[in-house]
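Hello,

I am handing over the structure we spoke about.

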Amino acid sequence: MKLTCLSKGRGFHFPPCHMLNFCGFRILFDCPLDLSSLMAFSPIPTSLDALSFEESKNNEKRQKIEDLLDAKNLVFAEPWYKTVNKLHLWNASLIDVILISSPMGIMGLPYLTRQKGFSAKIYVTEASARIGQLMMEDLVSMHAEFRQFYGPEESNFPPWLRQEELEILPSVLKEILVGKDGVELGGWMPLYSAADVKDSIQKINTLNYAQEACYNGTLVIKAFSSGVEIGSSNWTLNGPKGDIAYLSSSCFFSAHAMAFDYSSLQRTSTLIYSDFSSLIDAQDVEDGDNYTDPTSDKLLPPSFEDSDGFSLDSDVNLDEKEKLVFICSCAIECVKDGGSVLIPINRLGTILQLLEEMATLLEASAMEVPIYIISSVAEELLALLNIIPEWLSKQRQERLFAGEPLFDHVKLLKEKKIRVVPNIHSHQLLKDWQEPCIVFCPHWSLRMGPIVHLLRRWCGDPKSLLILEDMVNPELALLPFKPVEMKVLQCLFPSGIGLQKLQPLLKTLQPKTILFPEDLRLKMCFSCEKSFSVSYYTEAETLKVPCQKESSELKIEADLASQFYWKTFKKEGINVTKLKGKLLMENGRHHLLLDNDKKTSLRNSSLVRCGLTDYHKLIPELSKMGINASMELIKDDVESQNVCLVHTEEPYKALIEIGKTSTVITTAESDANVASILYKAIDNIMDGV
């Protein structure tokens with residue numbers, strides 16, 4: 001088995017990407033896009049922005065020396081999109097299976113499916129497939145505004161990727177475009193089309209919760225909830241050479257998605273740990289920023305134990321609830337002061353909870369404030385959430401059994417407390433628009449979509465509020481809109497397993513071997529008494545792991561087993577029987593079936609000889625047949641082993657060469673029957689089955 005980490009990702013929106021070679025198949029885990037890299041580009045410029053850009057062209061030398069980060073330093077061009085750079089080094093036609101763990105992990109899939117020779121089987125949960133499809137369609141819709149503004153590209157290689165253009169960029173932007181080592185230029189691609197999205201979705205095989213899928217009769221694949229988002233999953237693969245669990249970013253508690261099903265990952269031969277969220281969260285804490293809410297790091301002491309004896313912090317869920325209440329209370333205060341609230345659509349689950357909490361607080365305060373959702377796919381997405389209950393939390397499922405809507409937005413839409421429109425230029429929106437208001441809209445990068453127009457409208461209003469979630473670089477994100485007078489609130493929500501919970505989790509899972517990121521090695525010290533072995537992998541390097549299963553199980557048909565006649569070899573200490581049937585591979589298991597065309601009894605069939613020729617018995621046997629022979633022991637220089645040469649003189653002249661793995665009879669061409677006679681002598685002294 002071989003594992004290659006193609007990318008360790010960058011948190012929730014850019015999950016890790018791995019290539020696994022298992023049972024002779026190449027398996028790709030996730031195919032994401034790094035949408036945070038859009039921050040290197042300017043939004044659709046206003047006339048003033050365009051003028052600033054023209055002036056900046058005449059001031060390149062100063063920019064290079066001072067390394068200033070200014071809005072005019074951004075790339076004024078139709079954006080390209082940053083894919084997993086190292087994935088382009090692999091031939092797409094040689095990939096056998098693709099497993100998608102979340103809606104974010106599907107965003108780069110059209111780049112693969114449109115390549116020549118692509119034939120891989122793609123497996124993804126039904127919920128992730130539908131949500132991911134809507135996200136890709138929305139991305140294509142928002143990007144159309146760039147193409148309309150900039151027009152068709154003049155060449156296949158954009159000017160902003162040229163070396164002379166990169167050299168004059170501030171270091172922050174240059175690192176986004178080419179990476180820290182300057183080797184990520186190959187990952188940039190122009191956005192796929194709506195037809196590419198449709199084609200990729202048609203090639204997908206959707207799975208329900210814990211549903212088995214068998215690839216090529218060899219690999220049994222299952223998806224189990226990871227708890228991060230609706231439809232997000234971890235994977236198990238079972239094959240003849242062992243079983244593997246793939247553990248992506250996971251959350252033990254969720255108010256909207258089904259909780260992390262870790263019990264289904266227990267006792268596998270190998271566990272691939274691919275949750276880098278603790279590394280990303282640690283970096284965010286170290287970097288810090290002035291926008292982060294100070295209450296977001298509040299710790300709550302109580303905990304409880306589940307039925308497996310695995311201690312989990314129940315207050316992770318309570319902490320998330322407190323954050324949501326805090327955000328909504330800030331929004332209500334803002335509206336009371338006459339300001340509007342702008343919330344970029346980020347994580348689906350967080351947005352749904354904010355909608356519910358916001359509506360509850362507004363009702364409690366007897367305020368009638370319009371809530372708008374502006375998105376080309378919002379209506380379809382909200383409708384979808386009511387037909388995927390198996391991927392929702394138990395609390396949501398209980399609503400279904402009680403005859404209630406799974407989410408409160410159904411009721412809010414009927415009461416017209418929420419208004420959904422496809423775009424900011426919608427006639428219905430222009431007709432109903434009033435301020436102050438609360439608006440949910442894409443895109444969280446603040447570079448495209450309705451968010452750009454509304455930010456330009458409100459960025460100078462100190463009464464208005466912008467709510468950001470898990471923004472990697474808030475300063476860069478807000479750069480095109482400076483000076484920003486509106487309030488900005490950023491909150492961090494957990495998107496993976498905390499390091500303090502990793503030790504007890506692994507103790508519960510009990511794998512034989514863990515493949516663990518080298519980046520987390522210094523942050524995680526495994527106990528000396530651990531019951532598993534640990535191998536560390538790094539980005540862009542291949543880790544070889546020995547097969548954990550030395551033998552395979554064979555299921556034999558009863559009718560065939562009844563014909564077995566066992567032969568005991570006392571010297572070797574084994575029992576052997578001769579078989580005649582069909583060997584098949586089905587659902588990851590070997591099956592031996594009776595050959596219906598040849599039902600002759602195995603007892604009456606000719607013997608099959610096995611074992612090594614004993615030259616000590618061969619000389620007397622030849623003598624019984626009236627053949628004189630002599631023996632010579634020599635050493636084979638090529639094979640570095642002893643070889644016995646038996647020379648026959650009378651009445652036949654021949655040579656019998658007895659090696660460690662074979663016996664060769666050599667005779668003159670005129671003595672065609674001599675070989676048969678000598679073979680009979682060897683046959684008499686060997687065991688048969």
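Helix H8 gives the largest share of the lining of the second largest pocket, namely 4 residues. Please keep in mind that this is a predicted model.

The pocket

The second largest pocket holds about 1,100 Å³ of space. Its lining is made of 32 residues, and Arg10, Lys82, Glu175, Lys180 and Glu184 are the ones nearest the centre. Two or more lining residues come from each of strand S1 (2–7), strand S5 (81–83), helix H6 (171–178) and helix H8 (277–287). By class, the lining of this pocket has 12 nonpolar, 9 polar and 11 charged residues.

The cavities

Rolling a probe the size of a water molecule over the atoms shows where empty space is left. In the whole structure, a search finds 5 cavities of 30 Å³ or more. The largest cavity has a volume of about 470 Å³. It is lined by 29 residues, with Met135, Asp138, Ile345, Asn346 and Leu381 closest to its centre. Which helix gives the most to this lining? Helix H4 does, with 6 residues. Helix H4 (126–150), helix H10 (348–364) and helix H11 (378–384) each supply at least two lining residues. The lining of the largest cavity divides into 22 nonpolar, 4 polar and 3 charged residues.

The second largest cavity has about 210 Å³ of space. There are 21 residues in its lining, and Phe12, Pro15, Ser102, Val228 and Ser249 are the closest to its centre. Here the classes are 7 nonpolar, 11 polar and 3 charged residues.

Serine 254

Serine 254 sits in the loop between strand S13 (242–247) and strand S14 (270–273). Is this residue buried or exposed? Serine 254 counts as buried because its relative accessibility is 8%, and the cut-off for buried is under 20%. Its side chain makes a polar contact with the side chain of histidine 256, at 3.2 Å. The side chain of serine 254 also reaches the backbone nitrogen of alanine 257, at 2.9 Å.

Backbone points to check

Most residues other than glycine have a negative phi, and most peptide bonds are trans.

- The peptide bond from proline 442 to histidine 443 is cis, with omega near 10°. Histidine 443 is in the loop between strand S20 (438–441) and helix H15 (450–458).
- Lysine 482 and proline 483 are joined by a cis peptide bond, with omega about 0°. Proline 483 is in the loop between helix H16 (474–477) and strand S22 (487–491).
- Asparagine 216 is not a glycine, yet its phi is positive, about 55°. This residue lies in the loop between strand S10 (213–215) and strand S11 (219–225), and asparagine 216 is exposed, with a relative accessible area of 55%.
- Glutamine 510 also has a positive phi, near 55°. Its place is the loop between helix H17 (502–509) and strand S23 (513–517), and glutamine 510 is partly exposed, at 36% relative accessible area.

The protein as a whole

The protein has 20 helices and 36 strands. Of its 689 residues, 48% count as buried. The accessible surface comes to about 33,400 Å², and 50% of that belongs to carbon and sulfur atoms. Among contacts between residues at least 6 apart in sequence, 69% join residues at least 24 apart.

Regards

Conventions. Residues numbered from 1 in each chain as written. Predicted model: local features only at pLDDT ≥ 70, side-chain atom pairs only at ≥ 80, totals over all residues. Heavy atoms only, no water. Buried < 20%, exposed > 50% of the residue type's maximum accessible area, 1.4 Å probe, protein only. Polar contact = N/O pair within 3.5 Å; in protein donor to acceptor, adjacent residues only side chain to side chain. 1 Å grid on protein atoms, 1.4 Å probe; cavity = no way out; pocket = protein on both sides within 12 Å on 5 of 7 lines; lining within 4 Å. Points joined across faces, edges and corners; volume = space filled by probe spheres on them. Nonpolar A, V, L, I, M, F, W, Y, C, P; charged D, E, K, R; others polar. Contact = heavy atoms within 4.5 Å. Areas by Shrake-Rupley, 256 points an atom, 1.4 Å probe, with all protein chains shown as cover.
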